[in-house]
Amino acid sequence: MTDASRGAPHDEAHGEALGVRLNWLRAAVLGANDGIVSTAGLVVGVAGATGSRATLLTAGLAGLLAGSMSMAAGEYVSVSTQRDSEKAALAVERRELREQPEEELQELTGMLADRGLSPEVAREAAVQLTERDALRAHARMELGINPDELANPWHAAGASFLAFTVGALLPLLAIVLPPSSLRLPVTVLSVLAALCLTGWWSARLGAAAVGPAVLRNVGGGALAMAVTYGAGSLLGAVGV
């Protein structure tokens with residue numbers, strides 16, 4: 001066995017692990033971005049209607065908790081559905097391996113041949129993979145699933161809750177801590193700066209152009225704050 005062949009599975013494992021980490025990191029950045037924008041829009045809108053620190057704090061905390069719980073619940077349901085689908089697919093594959101092993105071996109041979117192996121080498125590789133762990137081989141080649149790393153809904157829910165909360169804390173603290181005359185400018189500037197950072201980070205993680213991503217992020221956040229502030233000011237002016 002050559003050094004290259006010995007290193008291939010190791011490199012592949014590292015590549016898969018890196019992909020998983022990048023996906024989690026990208027989801028965390030997007031969750032934090034949602035927390036920043038939604039909470040900023042809420043507290044800036046309330047600030048347009050009232051200058052009461054207690055009201056701003058109450059509204060901000062309510063928005064933070066509602067948003068983080070909604071994100072966590074949504075992610076839990078989504079990932080639970082994905083996990084159920086993965087388990088069902090594995091159950092079907094397990095039954096097929098038990099009931100028709102030769103057909104499954106031929107199927108695996110064909111998939112390996114489609115990747116460039118000669119028929120003889122593909123057959124030998126399929127036999128060895130089947131002898132080692134037939135379910136794992138078919139799950140990864142046919143379904144794109146790692147049986148040992150099924151999606152975990154609790155991890156996803158916890159990560160979404162934490163990411164949203166971290167993002168939401170910035171506009172909440174920015175609106176309640178400064179003096180009343182500085183609340184709005186401090187909040188707007190801190191939110192726009194944070195959106196620049198999350199836009200840059202998400203673009204880098206996705207290997208996309210940084211400039212357009214930052215402009216979209218900042219523009220969307222600025223529009224959200226402008227709309228909610230206008231609505232809050234209008235409601236405050238009419239005494240609602």
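Search the whole structure and you'll find two salt bridges, a salt bridge being a side-chain nitrogen of Lys or Arg within 4 Å of a carboxyl oxygen of Asp or Glu. Before you click, note that this is a predicted model, where local features need pLDDT of at least 70, side-chain atom pairs count only at pLDDT 80 or more, and totals for chains, interfaces and linings use all residues. Residues are numbered from 1 along each chain as its sequence is written, and side-chain values use heavy atoms, with hydrogens and water left out.

**Stop one: arginine 123 and glutamate 102**

Select these two side chains, which meet in a salt bridge at 3.4 Å, N to O. Arginine 123 sits in helix α4 (residues 119-143) and glutamate 102 in helix α3 (residues 101-114), so the pair links distant parts of the chain, 21 residues apart. (Helices are DSSP runs of H or I, at least four residues, numbered from the N terminus.) Arginine 123 is partly exposed at 34% relative accessibility, and glutamate 102 is partly exposed too, at 36%. Partly exposed lies between buried, under 20% relative accessible area, and exposed, over 50% (1.4 Å probe, protein chains only).

**Stop two: α3 against α4**

Now show both helices whole. Their axes come within 8 Å and cross at roughly 110°; axes are lines fitted to C-alpha atoms, for helices over the stretch in contact, and angles run from 0 to 180 degrees between N-to-C directions. α3 and α4 are therefore roughly perpendicular, the word for angles of 65 to 115 degrees, while under 35 is roughly parallel, over 145 roughly antiparallel and the rest oblique.

**Stop three: aspartate 133 and arginine 136**

Aspartate 133 is partly exposed at 30% relative accessibility, and arginine 136 is partly exposed with 28%.

**Stop four: α6 and α7**

Finally, select helix α6 (residues 183-205) and helix α7 (residues 210-237), which pack at an angle of about 150° with axes 8 Å apart. That makes α6 roughly antiparallel to α7. Which residues make the contact? Among them are Leu184, Val188 and Trp200 of α6, with Val210, Met225 and Tyr229 of α7.

Key: Helix = DSSP H or I, 4+ residues; strand = E, 2+ residues; numbered from the N terminus. Contact = heavy atoms within 4.5 Å.
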